[in-house]
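This report covers the pockets of a protein and one of its charged residues. Please look over the sequence and the structure before reading on.

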Amino acid sequence: MSAAVSKGSSSGSAGARGNSGAWPTDVVVVGATSAIAEQCTRLWLEGGASTALLIGRSASKLDAIATDLGVRFPAATVTTLVADLVSPSSISTVVAGFAGPGTPGAAAGAGLTVLVAHGSMTEQEESQASLAAAASVLEVTGVSPSLWIEACADTMSAGTIAVLGSPAGDRGRRKNYIYGAAKALIEAMTEGLQHRLAGSPLRVVLVKPGPTATPMTASMPQKGLADVSAVAGEIVAGVNAGRAVVYAPLKWMLIMGVVRNIPSPVFNKLNF
């Protein structure tokens, strides 16, 4: 694990602050190089967050994003940390480093928001053909994010933990059930943590972005994909408000409500 630091200084716009809920003073983003994560970080800094810690696997990608954010928001302090995102020992060490006793994250208290945003999308056919590929999807997209939010819940005493799930986790479908199973794991973990932490100052938010135009979906037909900046806006508003579940765009809550309730004999005849 290694670290790099990028800092800047200017005031940052408060234009996005008016959305809703409590605006964070400090944000930590795991999987910070994803397009959705980058847009969310930008919005939080635009709204007045003073620090952002970007965690990921690629130093060059993290540095590029930190440099861009430093130019846009010179008053903010943006730091980067390269880490192994799947190793349990690495996860424990990193979370203790930003949220453990005596850290700035602990001092931020309710002002700290952590977004866990990493994952991997492999074609269903590839995962079906290779158990190794399926295992990678389940580990990177399901097990690893679940361990991050568990470590945060064990370390933080206040603030907000948000994690990216997916409408794909709402019901297994033939075209993406391995990816969907990984996201369903995150949903069950989040529900359990929300139950465990009910009444405490620590909130856990499950975010379910619908299909969004990002590099991850570049190989898919682009028609109907949501704009990443609009999706990030809905995510930030929902996380700040501490909502238990945030569908972005909201229409996916209605769509998946219908999909979940299709009787199995009918559902199994559908090809989607």
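In this predicted model, the lining of the second largest pocket divides into seven nonpolar, five polar and one charged residue. This pocket is lined by 13 residues, and those nearest its centre are Asp26, Thr51, Leu53, Pro104 and Gly105. At least two lining residues each come from strand S2 (26–30), strand S3 (51–56), strand S4 (77–82), helix H3 (88–99) and helix H4 (104–108).

The largest pocket has a lining of 20 nonpolar, 20 polar and eight charged residues. Nearest its centre lie Met121, Tyr179, Met216, Thr217 and Met220. Two or more residues of this lining are given by each of helix H1 (35–47), helix H5 (124–129), helix H6 (131–155), H7 and helix H9 (251–260). H9 provides the largest share, four residues.

| Pocket | Volume | Lining |
|---|---|---|
| Largest pocket | about 1400 Å³ | 48 residues |
| Second largest pocket | about 210 Å³ | 13 residues |

Arg173 sits in the loop between strand S6 (159–164) and helix H7 (177–196). Arg173 is buried but forms no salt bridge. The nearest side chain of opposite charge belongs to Asp170, 9.5 Å away. When neighbours within four places in sequence are left aside, Arg173 is in contact with Phe267 and Phe272.

Key
Residues numbered from 1 in each chain as written. Predicted model: local features only at pLDDT ≥ 70, side-chain atom pairs only at ≥ 80, totals over all residues. Heavy atoms only, no water. Buried < 20%, exposed > 50% of the residue type's maximum accessible area, 1.4 Å probe, protein only. Lys, Arg positive; Asp, Glu negative; His and termini not counted. Salt bridge = Lys/Arg side-chain N within 4 Å of Asp/Glu carboxyl O. Contact = heavy atoms within 4.5 Å. 1 Å grid on protein atoms, 1.4 Å probe; cavity = no way out; pocket = protein on both sides within 12 Å on 5 of 7 lines; lining within 4 Å. Points joined across faces, edges and corners; volume = space filled by probe spheres on them. Nonpolar A, V, L, I, M, F, W, Y, C, P; charged D, E, K, R; others polar.
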